[in-house]
Amino acid sequence: MNKIVFPNEISGAENLQQQFEPYGWYAEMRKNSPVHYDEKQQVWNVFLYPDVERVLTDYHLFSSDTGKRIAGSLALKEKGITEMDPPDHGKRRALYTKAFSTRTLQEWEPRIQEISRQLLEEVKEKQSIKILGDLAAPMPVIVIADLLGVPSSDWMLFKQWSDVLITSGTRETYADVNLKKEEIMKEMAVYLSPIIQEKRENPAKDFLSDLTQTEYKGQQLSDREIIDIAISLLLAGNVTTSTLLFSVFYCFLLDRPGVYRELRENPELVDQAIEEVLRFRPPAQVLMRKVQEDTDMFGSLMKKGEIVMAWLGSANRDENTFAQGDQFDIHRPNSNKHLSFGKGCHLCLGAPLSRLEAKIMLTEMIKCYSDITIGGFDNDLILNVTRD
């Protein structure tokens, strides 16, 4: 159990609401304890933008191969690129990047638009919609299924799988939760294996086919590696994009009411608005690294082998980098300096896809609805909508 780090125990968040609103705690830590050692979890924590940025980018001093996991993350069969350091990381990422670049985002954009329009068509008679249940949850899973080249009709199955895989559990329930995750990953491997074999023999225009065919300096990806990549993509598609879309409307309607109407009048601001959402409410709040050698660069002695938690959500609101960082402002000139997708060699490969999905869904909603207001909360964000 000591290999699992529970961020909520560090922050003191006792429920989902407190986990969703850790920003008061971040502000307190930036002011009073910007470099903090948590005795219970036995990890260092950094909260200021320059410190978080250094931890993410200096792989010589802060390794991604930590030997530990954040509660809720996956334990894949093969070590993934997020757990590798250069030069091994560069070699493996080159294979992934080559496969990603084979099909450009421009090629996928029409299909993502079609999926967005289909989902909005399904709720056109409703006066209120659930942002997660109706739009933000199904959209990225369908997109990932299409991108992988597996039947998009199975999207509900993929969603059920990914819902289990993102469950964090508590210290008391973690063992049971982990067993369920292992069962799900076995089911996914059984499902994907024959599809991968078929694509090796008869490649199509999809990402799984690209992964089976891509080669870098004589190396190819194994079936097991491709399965792990597919599982990681499914998880990323479910969590990152759905959380981003949820946060878009939370920010527009609760953090800064009136933004939706402003975007209706100025749709050219959509890209900028999404960057500010990513800064203000990042899909992931924290990343983890391991100290490679003793260092006191942050003013406290961190010893080789110790773990450092880099709090992205705090860095994104550091007022020394983002003036009035606790205010949501789509006109902020440096929103894109956020660290929400990481930085350096581990910058998230799926970031452009997540941004594109959010942009397309928001743009399509602006076309459909002249006004959106909060209808309430019921384990989801309910929106009252007025069609054009």
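1. A quick word on terms before the details: a residue is buried here if its relative accessible area is under 20%, exposed if over 50%, and partly exposed in between (1.4 Å probe, protein chains only). This is a predicted model, so local features need pLDDT of at least 70 and side-chain atom pairs count only at pLDDT 80 or more, while totals for chains, interfaces and linings use all residues. Residues are numbered from 1 along each chain as its sequence is written, and side-chain values use heavy atoms, with hydrogens and water left out.

2. Let's start with helix α6, residues 105–122 (helices are DSSP runs of H or I, at least four residues; strands are runs of E, at least two; both are numbered from the N terminus). Its buried residues are Trp-108, Ile-112, Ile-115, Ser-116, Leu-119 and Leu-120. They pack against α7, α8, α16, β9 and β10, where contact means heavy atoms within 4.5 Å.

3. Two of those partners, β9 and β10, sit in an open antiparallel sheet ordered β6-β10-β9 (strands pair if DSSP finds at least two bridges between them). β6 (128–130) and β9 are the edges with a single partner strand each, so one side of each has no neighbour in the sheet. β6 and β10 share three bridges, and Lys-130 has Ile-382 of β10 as its bridge partner. Helix α16 packs on this sheet, touching β6, β9 and β10, at about 110 degrees to β9 (angles run from 0 to 180 degrees between N-to-C directions, with axes fitted to C-alpha atoms, for helices over the stretch in contact).

4. The other open sheet has five strands with mixed pairing, in the order β2-β3-β8-β7-β4. Its edge strands are β2 (35–38) and β4 (62–63). β3 and β8 run parallel over four bridges, with Val-43 bridged to Ile-307.

5. On to the cores (a nonpolar core is a set of buried Ala, Val, Leu, Ile, Met, Phe, Trp, Tyr and Cys residues joined through side-chain atoms within 4.5 Å). The largest has 79 residues, and Leu-208, Phe-249, Phe-252 and Tyr-369 have the most contacts inside it. Helix α12 (residues 223–255) gives the most, 17 residues. A second, separate core of 18 residues includes Leu-56, Leu-61, Ala-310 and Ala-315.

6. Last, the cysteines. With a disulfide taken as a pair of cysteine sulfur atoms within 2.5 Å, the count is zero. Cys-348 is partly exposed because its relative accessibility is 32%, whereas Cys-368, at 18%, counts as buried.

Note on methods
The expected span of a helix is 1.5 Å times one less than its number of residues.
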